[in-house]
Amino acid sequence: PRLLIISFSRLVSDARVLKQIVRFRDEYAVTTIGYGPGPDGVAEHFEVPERFPLWRWPRTLVMLRQFGRAYRGNAAIDAARSWLSSRQFDAVLANDIETVGIAVEVAPADRVHVDLHEYAPRQREELWRWRVFVAPFVRWMVRQHAAQVSSLSTVSPGLAREYRSEFGVEAVVVTNAAPFSERAPRPTGTPIRLVHSGAGLANRGIPLMIEAVEQSSADVTLDLYLTRNDPRFMDELAERCAGSTRCTLHPPVPYAELIDTIARYDVGVFVLPPVNVNYRWALPNKLFDFVQARLGVVIGPTPDMAAIVEEHGLGSVVPDFTADALTRELDGLTAPVVDGWKAAAHRSALVLSAELEVEKWADAIKAIVSRRR
């Protein structure tokens, strides 16, 4: 069967989409659309030109709420549509809300599964211009496109509830679990080595994590592996870490090398202030990366993350999103405590792995193809 996977991301470095491709490439003839080169094992790939960034919507049309024309006027979407015009598929897996309009053009809505990586209508709600001008457009896409498809998924229980509450759509939860990694926990030494990996953005709580480590009375260090999303912020962070004896900033590593890289540490740390609804209900890759690396975990009270950490005994949930709260937690860290967390991660690694989660996508696509036949 012919399966189309669409994502306006760089596919070879998009961990969630790569899991879809790996799961389906041996069972289906997979065609991909996205930025950058085609991933290994796909039958066909259309590389969206880099000169057509998805975020460049026709501004006037969006402001005038001419949403249909604005959607059709996006250069990235138009390029993908043109390439697809002569092709047919048995099923489509559309990633993020922007792809759904194309998906329902190339196939009937009952052949489309949509994977929503964020709560799109409130993705950047901390910015007033986004709330006023872009959010209505995104809500239109959800109602006009996503509400008519065969099935949907999203990344966390909280986001599934948000989609149900506002739009009446039911989304299955497929977490950002990492592929299972066969390894044993590393004994905790001195100092206790903390690690954080992810996006280099000012609103991700990185400064407060640095502050907490620097003021802790415990013998701890923090290593950061961050992508350069905000160059100005990253320059400020580099200057701050250069003057620190405890915090080190590293370049990002390819996702294929990430688990091996962070497995050299002891505790994964992530305290994420809930500045928007997606941060409030975050259940990110890094939590599952920490588990596969057999690390302990220290996080803020983000509900969906906290539920997993507490259920499996993976680490500690600090009571609030402040540096002082994190410092108090770090002050109490000992090697035996961390070794206990690592042992819990080892016990839970299989049940929290991607191998189980991706079967929810497989079930959805199988149902679509079965109906098609």
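In what order do the six strands of the open sheet run, and is the pairing parallel or antiparallel? The order is 10-9-8-11-12-13, and the pairing is parallel. The edges are strand 10 (247–250) and strand 13, each of which pairs on one side only. From one strand to the next, the twist averages 20 degrees. Strands of a sheet pair through backbone hydrogen bonds, either parallel or antiparallel.

The model is predicted: local features need pLDDT of at least 70, side-chain atom pairs count only at pLDDT 80 or more, and totals for chains, interfaces and linings use all residues. Residues are numbered from 1 along each chain as its sequence is written, and side-chain values use heavy atoms, with hydrogens and water left out. Helices (H or I, at least four residues) and strands (E, at least two) are DSSP runs, numbered from the N terminus. Two strands pair if DSSP finds at least two bridges between them.

Strand 8 (residues 192–199) is joined to strand 11 by two bridges, and the two strands run parallel. Leucine 194 has valine 267 of strand 11 as its bridge partner. Helix 15 packs on the sheet and touches strand 8, strand 11, strand 12 and strand 13. The direction of helix 15 makes about 100 degrees with that of strand 12. Axes are lines fitted to C-alpha atoms, for helices over the stretch in contact, and angles run from 0 to 180 degrees between N-to-C directions. Strand 8 also pairs with strand 9 (residues 220–227), in the parallel sense, over eight bridges. Here alanine 199 stands opposite threonine 227 of strand 9. Strand 8 is mostly covered, with six of its eight residues buried. Buried means under 20% relative accessible area, exposed over 50%, and partly exposed in between (1.4 Å probe, protein chains only).

Two packed helices are described by the angle between their axes and the distance between the axes. Helix 10 (residues 255–262) packs with helix 12 at about 55 degrees, and their axes are 8 Å apart. Helix 10 is therefore oblique to helix 12. Angles under 35 degrees count as roughly parallel, over 145 as roughly antiparallel, 65 to 115 as roughly perpendicular and the rest as oblique. Tyr255, Leu258, Ile259 and Ile262 of helix 10 meet Asp289, Phe290 and Gln292 of helix 12. Contact means heavy atoms within 4.5 Å. By class, this contact of helix 10 with helix 12 has five nonpolar, one polar and one charged residues. Ala, Val, Leu, Ile, Met, Phe, Trp, Tyr, Cys and Pro count as nonpolar, Asp, Glu, Lys and Arg as charged, and the others, Gly among them, as polar.

Glutamine 292 lies in helix 12. Glutamine 292 is buried because its relative accessible area is 0%. Beyond its neighbours within four places in sequence, its contacts include Ala178, Phe180, Arg183, Ile259 and Leu352.

In helix 13 (residues 303–312), the buried residues are Asp304, Met305, Ala306, Ile308, Val309 and His312. Their cover includes helix 7 (157–167), strand 11 (267–270), helix 12 (285–292), strand 12 (296–299), strand 13 (315–317) and helix 15 (335–348).

Helix 7 buries Gly158, Leu159, Ala160, Glu162, Tyr163 and Phe167. Among the elements that its buried residues pack against are strand 5 (112–116), helix 6 (128–144) and helix 13. Just after helix 7, glycine 168 has a positive phi of about 70 degrees.
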